Structures are given as C-alpha cells and as structure tokens.
There are 2 protein chains.
Amino acid sequence: MGSLHVENLAGNNISKGVENPLDPEEFRRQGHMMIDFLADYYRDVEKYPVRSQVEPGYLRKELPDSAPYNPESIETILEDVHKQIIPGLTHWQSPNYFAYFPSSGSVAGFLGEMLSTGFNVVGFNWMSSPAATELESIVMDWLGKMLQLPKSFLFSGNGGGVLQGTTCEAILCTLTAARDRMLNKIGRENICKLVVYGTDQTHCALQKAAQIAGIHPKNFRAVPTTKSNNYGLSPDALRSTILADIEAGLVPLFLCATVGTTSSTAVDPIGPLCEVANDYSIWVHVDAAYAGSACICPEFRHFIDGVENADSFSLNAHKWFFTTLDCCCLWVKEPSALIKALSTNPEYLKNKATESQQVVDYKDWQIALSRRFRSMKLWLVLRSYGVANLRKFLRSHVKMAKNFEGFVNLDKRFEIVVPTTFAMVCFRLLPPAASPLIKTNGYQNGNGVYHKDETRANELNRRLLESINASGSAYMTHSVVGGVYMIRFAVGASLSEDRHVILAWKVVQEHADAILATF
Amino acid sequence: MGSLHVENLAGNNISKGVENPLDPEEFRRQGHMMIDFLADYYRDVEKYPVRSQVEPGYLRKELPDSAPYNPESIETILEDVHKQIIPGLTHWQSPNYFAYFPSSGSVAGFLGEMLSTGFNVVGFNWMSSPAATELESIVMDWLGKMLQLPKSFLFSGNGGGVLQGTTCEAILCTLTAARDRMLNKIGRENICKLVVYGTDQTHCALQKAAQIAGIHPKNFRAVPTTKSNNYGLSPDALRSTILADIEAGLVPLFLCATVGTTSSTAVDPIGPLCEVANDYSIWVHVDAAYAGSACICPEFRHFIDGVENADSFSLNAHKWFFTTLDCCCLWVKEPSALIKALSTNPEYLKNKATESQQVVDYKDWQIALSRRFRSMKLWLVLRSYGVANLRKFLRSHVKMAKNFEGFVNLDKRFEIVVPTTFAMVCFRLLPPAASPLIKTNGYQNGNGVYHKDETRANELNRRLLESINASGSAYMTHSVVGGVYMIRFAVGASLSEDRHVILAWKVVQEHADAILATF
C-alpha cells in the first residue's frame, strides 16, 4: 500500500525543504506524494483488518524515546506510517466498517479540509478573514434550507448557524447560554438549583456539558425510557419529572431531545416535548448528530417536525454527511443568548467592522477564540455532490441497512431488537433451546425460538461480536438497551457497497455457526 | 493563481466521482489538482493584499441563495475559490503578514493534517484507533523533553500530555478539573466562592473559561500590571489579592500565568508565582501559547523556570511551531484530576482495553468525545525538521524581529514601547513637536522627541496602522498597554525572509511620512 511511490523516491532529497518550511515547490513535491499515498490507501483499505489488532503499548516499543535532532525525509516517514501507524489504525474508511456511527469521508470533504488547512487562517472574527465568516453564514443558511428548518433558525430570520467541532461543544455552548440567561433573571447564587433533562438514551455529551457548566450533578435527569415508546422520551414522563423538580424548589433549565440516539437511533418526539418544555420556559436543544443528515430527504423530514418550537438544533456533518471530522452544524434562534454568555472583547481584537455591528464574530458563538475555516469543506461537499446526490448517497445507506435487516429476519436464529429507522440495524443471536429446563423456564421470541434469560443471550452475543471483530473481516459495535445486549450494524462508510453488506452478513452467520457449536 | 491547472481541465468529467463519494481514482485526480492549486497559492501569495479589502456582506452578493441541486465540478469550484474566496481572505501565510500572532504553516504540518483527514478516524478512546492515542502520548513526551519539562509532566512520570484544539479549551479543562477537585472538598454549593486569578494582560481565554465553568463573574481577578514590571504579574500583588479574597470568605482556586502575553509578549515570573500559589493550594496553569515554542532553544528556556511547581502547562503548536491550526499541547501533572472532572462511561463505548486500565482514553482529558488524529501533524513536524531545524527557524524569526527593532531605533521619530523578548516588536510613531505649547506641556521620550499627551500619540498611531494595512503591503495589528496604543510587529509567518522585514519597515516609514505631513 503506497509502497510503490515511497520506494521509488526513498533516499532522495533528504535535506530538501529545510531552508523554508513552506517552500512552494517542496510543498508540491511532497503533496503529490501524499495524495498518491492516500489514494492507494483507499484503493487497498479493505485488505486490512478493520479493527486494529495491536496490543496496548505496541507503538512505544517501535518508536524512539525522543524526537530526532536532524531532519528525516518524507519518504522515510511514509514508510513508517505504513509499517508503524497503519497496523494501529481501526479503518473507519473501510467498506467493511459498520461500528459506532460512520465517519463518512469524501473527496469533496477532504479537498475542503485541504483548502482550509492550506489557507490556515485563524478566523476568530470577521476581520481576521472575512471569507471564512461569510461563507460559514451562507452555507449554514443553505443547509438549514435543505433541512427545511424554520426561518427563525436562519440569518434571514434573525437566528443563525455556526460550525462547531462536535456536538459536545454545541451542547456546552447552548447550555451555557441558557444557564446565563436564567441566572441573569434569578441570580447567580442559584446555579445549584438549575436542572438539566435528557433520557437514559441521551448521548453522554449532555452529562459532560452539564458537568463542565457547573450544573450540580444531582440535578441531571436521565428520564427512563421504555421499549413501548421505542426508547424515546415520553412527554408525560418529562412533565412529571419537571413538576417534581419545581415542587422541590429547583429550576428547570434545559432539555436535550435526541433524533437518532447512539444506542438504537431512537427518536424523541420533538413537537410534543417542545410543548411541555415551553410551558416552563426550558431551553430545548435538538441533538440530531447522527440522523439529522437524513432529514434532507423528504421522507425523513417528519422526524424533526416541531423543531420550530425548539431553541437550537445540531447535527454532525462529519458523521453521515461526507464532511470529514470535525464539523458539527449548530443553529440557534437567539444568537444574542450565545453571544452574551460567550463573548469577550480584548483590545487587541478591536476593529472597525466589529464596531459597525454589521458583521458576525464567530468567536462569540463558541468556546474557543481560534477557529478553522470549516465551512470550506461543507461548501465543497454541498457543491460537489448537490442535493440530488447527497440524498442518493444517504438513501443507498438506508437501503443497505434494510437489506441487512432482511437477512437477519430470514435467519430464525437471530432477531431484530429495535425497529430499523435510519441506516443502523440492531440485532442479536438467540441462544439455542438446548434443554427441556430452558424450554420450561424460558420464553418464546417472535421467531418461535426459546431462550432462558437475557444474561445468557447477552453473553452469547458478546462472544459473537468479539469473534466477528477479532477476525478483522468486518467491524461492528454493541450497546445494551432495556437490558438487552445487541449488535449495532451501522451502514454509512462511504466506500461500502451492497457486496460488503452481503459479506458482513455471511461473516456474522459463520461466526454464529462456530459459536453456537460450542455454546 | 492556480488558473493554469484549473483552466486546463475545466469542463471535463463533471459527473465523475458521483458514483461513490470516496472513489480512490477520483480522489487521486482531484487531490493532485488541489496540491497544484495550493502550491501555486504559496508561490503567488505575496502578490495579494495581505489584509482582505472586502466590505461586510461581499460574499452573499456573489453566491446563490441555496445549495445546488445538481453536482458541480471541482474545476468550477476552484475557479470560484479563486474569484470569490481569495479576495475575502486575510493571508496569514503571506510573508508580509506580521499581525496578531503567526499561524505558521509548513509542508510537514500540512501533510500531517492530510494523513489525519485521510484516515479520518474518530479517536475518542484507545480502542477506536490505538495508533491515534499512542502516537499522541509519545509525541507529547517527545515535545515535553524538548522543552525540558519536569518528568512529572510526562507519562513516564505519571503526568502526561494531550492535544487540545486551542488554549481556550486547555484552560477550560484544567479549570474544570481544579474546580471539581476543590468542590469535592468544600461542597458543590460553594461554587460561587471560587476565585480565578490572572492579570490585565492575561488572554481573554481565561475569562471565557471562567464564565463557562460557572465561576461567579465578580470572582474573576485581573490583577493590574505595570510598566515597571514589564507588564508581568507581581508575586506580591498576587499574594495581597489572594489574602483579600480569603479575608472576604472566598476560596482561591486557579491562577493562569502567562509566558508571552498577546499584547506585548510579557512574561509572568513562573517560579515566584508558583511559590505564592502553592501556599494556598491554588492550581497554577502556565499559558505559553505563543512563546512556549521558543523554549526548545536553550537561551529561552529560563522563561519557564519554576514550571516544576505548576500544575499544568500549554503551548499552541499552531501558532509558532509550524503545526497548522488547531494544535494546542497541554501537559498536566495529575491526569486523574482531569479524568474525574471530564470522564463519561456510556455502554456503547465499553471495551476490554479500557477495562484493563492499560490504556489512555483521551476523551476523558478534553471537552469533546470525538477527536481528530492531531498528533500526526506534530509527529511529522518534529521528524521532518528535527530539533536542529526547528530551533533554526525560531531563531531566524527572533533575529528578524531584532533587525526590525534596530530599524525602529535608528529612526528618531519612532520608539520601542516595551522590550522585545521573542519575535514581536511593539513600537509607535511619536507625534511631532509641532508647537511651543506642546514642547511646554509635553514630555521627552528616550530619543529626545517631545510629544504632548498619549491621546494625540494614540490617534497618530491608529491612523498610521490603518494606512499601512489599507495599502495591503503588510499587515500588523495593535494593542494598548499602560494607556499606550502601539503597533505589534509579530514575525513568524513561515515564508517571511529578511527582505520582507526590510520592505515592511520601508512601508512603515513611507506611511509615517505621509501621515506626519498632514498631522
């Protein structure tokens, strides 16, 4: 992989490029070499074990104790990337990668990152590089329109969008804005009374953001969900939790509702939840990190119906929207709430444009001051593929997941644990009905197969998953929902095609055969 | 710029690459095109006005209202980058860029970012891609050794390093760790008593981090500095501020000491400040965002003497260490304090490696869960240049700044406002002694030139700076320290050579001539 290009040039020009670290011709020479290295990597990536096979500490054994005193050539370094780094990678770009959620790379996303890195501007405010700020505002309006977000989330409607690194940051920023808006009303000394709401399925980003923002840990509510609601938050459960908190003298502050939870892609009912939250002036953030992308397809848009009554909305374009890590899209209705909580105005950044109040200074919409030119990659993705192809790509993943679900349903030894809504299938192997005792004490699943208890089923699937992943042929991960350990099969790696899904199912079946033979 | 490559290929292959968004051969074709585009950009960058000349709202007039439905070719997009984006860029990579602090790009930094983006792994924990975690721990030890950090900051000494995006994040993480360590002792309800210390020269990142972490705004101390201390924090002033807070029933928590302030590269005396802070169990963070890099040269290392008594230390490799934005290096003595404050442990991330406690899971050392493979670019920078060349590059910038300082000193119309310590010169033009009145009421500067009052001098320099920057020939920015408006001339753009510094000084003199003629 890549060795051809590396070997051809090895040993030459070792001292070049050291006169000036950004010499244009040296940039050209090494840049072309790197493009070929990565193109070869993509061509060959499915040959590698998807999940890295290394043991903890493998790399320290191979690398020297300290940085070299003298320069080393790019040829030597690329050889080491091949020999030392690639074995330690889990190949998120492999077509056989179905773990966690996708990290969907694309040519356009990569090229946008190259432009961003190449210009290397530090776009803290408009003045520091006007194009970076203006392009971001424009593409956030573009994407907002693709999602049919209400105008109140767009700049044209006095809201606006901003690119954050991750959903964790987006939640922390909106939570801080909500917190300060509330504390300015009720007094800072009441910070320990503020309550944050999510469910037992909400991403851990919410809990972390609450911790960082100084919310009292005992005031974090993970409202339980149930199978009967497909693990979505029940508006009634939310209301009764809120009422109990008010009764206890606490102050409801913030709700994070999820469209596509990490464990099972469950959807909290946005509209009804906003109605409850609005009764108590609670800031509602809609976390559509994974599934938000799908809402550019009309047939999925209904999952965010009601978003017009939320305060903020985010999705990760780096998950399932072909925009390499990191690129979290956040829209807010009330930018001034963010700005009040996050702005700073040091002398060394004062400038006429800011004073004119005609520009956006994004440093006041996020945690950090410095910021990369992330909109470049989103712009390239939107233009290179267009709405038509982006929908086509997403639908092809949904269809591949449906196919996989079909394979699972055809094999009576398995079951689908939760309905497949987007492009992730949650399934498990059922333990064989081995003895009369089990038949007696167990219960029957939908396929007519008996199994004794969840503990035994969970252990079986844990072993199955480890066996699949250890083979390197495909990579899936797990979750536990409602006590059930299940295997998550998330389609979305850009290189995945039907044949990879068919192969992955064959791998699952083969490993199930082997496991069942000894279970 | 770049037009040759674009035009040659324009109009071809528009529909290519749409079948699969990560098609390896399409990646190769477009990737090579982009390398040439950027190499040409670097070759030609000094021809552009350094500071963008556009007016607010310029881009919305040029771009459509919504994203295209059909795909557009990379050739069309690159033409638009040239026509629509480049005019709106402030060229941080221009050799005539001397504003803010540098954002020093390099071939190695760019290539490292390409590898990171290309692999596109989401390295939240060891398991998700072991190489990303292990390489980061190793290079942070390498760089820690280059800086002669005490072993207690390295993994081998039970401390450790982590790559954050920016100093803002590094400070927020350490402040949160310090806060929770303290609140676990004194009770969460005492959060409103915690006090954070910096100076009137500390970067606004500290204030912002304190806001986000829920520190009461009235408990943020910006201790005043003076010219007599070169705008560094006086240990006596710190102690008396702390004592007053204790007297008032407050709880001293966190000190951010700076090595190389943004306004004037002032240095807080780390050793003596740690002695004071240690008396009150205050967490000391050393923010060496800009000047930390220079400490790999033995002649600068003394500026961080005493760091062995601090709790954490950070520098921005993306500022003056050739590692493109973003790459903030943070070392801590007590990783467990970070982990206690920032860890989460959801089911879907549970894995054997984490349970074995043999690995680092960096998600628990930072705000976000997702993280890019940033160590790749730092590794490439360290290896491609080696310690020898990195020192050479930094020293060449220091020497260029010294040369510029020499030019200023030779022209009696100007003065150096604060001593030049690293590679930034703070200077100003003195108002002419125009009338006997001014001679009478004014005072004499070191060069024997009279000026009446600071207000008049400040206005003169404001006009001079705007005149220089509007010309596009060079870009500098300002600050105000001790009431004096001064022009900051920060050397560090990778392409800058002696001739650019000489040219910049000529530009300053010419604009001073013109301004003085009408003042």
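This briefing describes selected features of the structure above, grouped by topic.

The structure is a predicted model, in which local features need pLDDT of at least 70, side-chain atom pairs count only at pLDDT 80 or more, and totals for chains, interfaces and linings use all residues. Residues are numbered from 1 along each chain as its sequence is written, chains are lettered from A and ligands numbered from 1 in the order in which they are written, and side-chain values use heavy atoms, with hydrogens and water left out. Helices (H or I, at least four residues) and strands (E, at least two) are DSSP runs, numbered from the N terminus. A residue is called buried under 20% relative accessible area, exposed over 50% and partly exposed in between, with a 1.4 Å probe and protein chains only.

**Helix 5 of chain A**

- Helix 5 of chain A, which covers residues 107-119, has 13 residues and reaches 18 Å from its first C-alpha to its last, close to the expected 18 Å, a span defined as 1.5 Å times one less than the number of residues.
- This helix of chain A is mostly covered, since 13 of its 13 residues are buried.
- Just after helix 5 of chain A comes Asn120(A), which takes a positive phi of about 50 degrees.

**Aromatic pairs**

- Over all chains the count comes to 58 aromatic pairs, where rings of Phe, Tyr and Trp (its six-membered ring) pair if their centres lie within 6.5 Å, with planes under 30 degrees apart counted as stacked, over 60 as edge-to-face and the rest as tilted.
- One of these pairs is formed by Phe119(A) and Tyr41(B), whose ring centres are 4.9 Å apart and whose planes stand at 80 degrees, so the pair is edge-to-face.
- Because Phe119(A) lies in helix 5 of chain A and Tyr41(B) in helix 2 (residues 24-44) of chain B, this pair joins two chains.
- Phe119(A) and Tyr41(B) are both buried, and they belong to one aromatic cluster together with Phe27(A), Tyr42(B), Tyr48(B) and Phe110(B).
- Tyr97(B) and Tyr475(B) form another edge-to-face pair, at 6.0 Å centre to centre and with 75 degrees between the planes.
- Tyr97(B) lies in the loop between helix 4 (74-85) and helix 5 (107-119) of chain B, and Tyr475(B) in the loop between helix 16 (454-471) and strand 12 (477-481) of chain B, so the pair ties together parts that are 378 residues apart in sequence.
- Tyr97(B) is buried, with a relative accessible area of 1%, and Tyr475(B) also counts as buried, at 3% relative accessibility.

**A sheet in chain A**

- Chain A holds an open sheet of 4 strands in the order 8-9-13-12, with antiparallel pairing, where two strands pair if DSSP finds at least two bridges between them.
- Strand 8 (414-416) and strand 12 (477-481) of chain A are the edge strands, and each pairs on one side only.
- Strand 9 (residues 424-429) and strand 13 (residues 484-490) of chain A pair in the antiparallel sense over 4 bridges, and Met424(A) stands opposite Ala490(A) in strand 13.
- Helix 16 (residues 454-471) of chain A lies across strands 8, 9, 12 and 13 of chain A, running at about 35 degrees to strand 13; such angles run from 0 to 180 degrees between the N-to-C directions of axes, which are lines fitted to C-alpha atoms, for helices over the stretch in contact, and contact means heavy atoms within 4.5 Å.
- Helix 17 (residues 498-518) of chain A lies across strand 8, strand 9 and strand 13 of chain A, running at about 20 degrees to strand 9.

**Strand 6 of chain B**

- Strand 6 (residues 312-316) of chain B is largely enclosed by the rest of the structure, because 5 of its 5 residues are buried.
- Ser312(B), Ser314(B) and Asn316(B) point one way from this strand, while Phe313(B) and Leu315(B) point the other way.
- Strand 5 (residues 283-287) of chain B pairs with strand 6 in the parallel sense over 3 bridges, and Ser312(B) is the bridge partner of His285(B).
- Strand 7 (residues 328-332) of chain B pairs with strand 6 in the antiparallel sense over 5 bridges, and Leu330(B) is the bridge partner of Ser314(B).

**Cysteines**

- The count comes to 0 disulfides over all chains, a disulfide being a pair of cysteine sulfur atoms within 2.5 Å.
- For Cys295(A), the nearest cysteine sulfur is that of Cys297(A), 8.6 Å away, and Cys295(A) is buried, with a relative accessible area of 1%.
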